[in-house]
Amino acid sequence: MCKSINLYKQTATGAIQTWQISANLDTGRIFIRYGQLNGAMQEQIEQVTINNSGRNMREQMVLRMKSRISKQKAKGYRNTVEEAQNSVNQNE
């Protein structure tokens with residue numbers, strides 16, 4: 001299992017949303033968990049496959065994870081709860 005990355009976003013109501021991504025190189029799967037902090041979480045599993053780009057499985061998974069993280073940050077997610085609370089209504 002690769003290192004897990006957690007991101008946070010505060011909603012207009014003050015609730016903190018959390019988003020987590022991790023990967024298992026052995027199975028080629030990326031695991032995404034999301035939901036309200038300390039609440040019920042949903043999970044999404046994504047199978048990563050090697051294409052004709054010349055990248056190996058590890059490189060392909062890192063690239064996919066970086067892409068997913070970038071998209072969440074564009075939606076206003078931050079690295080810590082404190083950053084999320086200080087950036088309410090930015091990038092939404």
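Among contacts in the chain (heavy atoms within 4.5 Å) between residues at least 6 apart in sequence, 35% join residues at least 24 apart. This is a predicted model, in which local features need pLDDT of at least 70 and side-chain atom pairs count only at pLDDT 80 or more, while totals for chains, interfaces and linings use all residues. Residues are numbered from 1 along each chain as its sequence is written, and side-chain values use heavy atoms, with hydrogens and water left out.

**Overall layout**

- The chain has two helices and four strands; these are DSSP runs numbered from the N terminus, with helices being H or I of at least four residues and strands E of at least two.
- Reading from the N terminus, the order of elements is β-β-β-β-α-α.
- The C-alpha trace spans about 45 × 25 × 15 Å along its principal axes.
- Of the 92 residues in the chain, 32% are buried, meaning under 20% relative accessible area with a 1.4 Å probe, counting protein chains only.

**Strand β2 and its partners**

- Let's start with β2: seven of its nine residues are buried, so the strand is largely enclosed by the rest of the structure.
- On one side, six bridges join β2 to β1 (residues 5-10), and the two run antiparallel; strands count as paired if DSSP finds at least two bridges between them.
- Leu7 stands opposite Trp19 of β2.
- Five residues lie between the strands in the β1 and β2 hairpin, where Gly14 takes a positive phi near 95 degrees.
- Eight bridges join β2 to β3, again in an antiparallel arrangement, and Ser22 has Phe31 in β3 as its bridge partner.
- The hairpin of β2 and β3 has four residues between the strands, and Gly28 in the turn shows a positive phi of about 70 degrees.

**The nonpolar core**

- Eleven residues make up the largest nonpolar core, among them Leu7, Trp19, Ile21, Ile32, Met65 and Tyr77; such a core is a set of buried Ala, Val, Leu, Ile, Met, Phe, Trp, Tyr and Cys residues joined through side-chain atoms within 4.5 Å.
- β2 (16-24), β3 (29-36) and α1 (57-74) each supply at least two residues of this core.
- Leaving aside neighbours within four places in sequence, Leu7 is in contact with residues including Trp19, Ile69, Gln72 and Tyr77.

**Charge**

- The chain carries 13 positive and 7 negative side chains, with Lys and Arg counted as positive, Asp and Glu as negative, and His and the chain ends not counted.
- The centres of the two sets lie 4 Å apart, placing each charge at NZ of Lys, CZ of Arg, CG of Asp or CD of Glu.

Notes:
Buried < 20%, exposed > 50% of the residue type's maximum accessible area, 1.4 Å probe, protein only.
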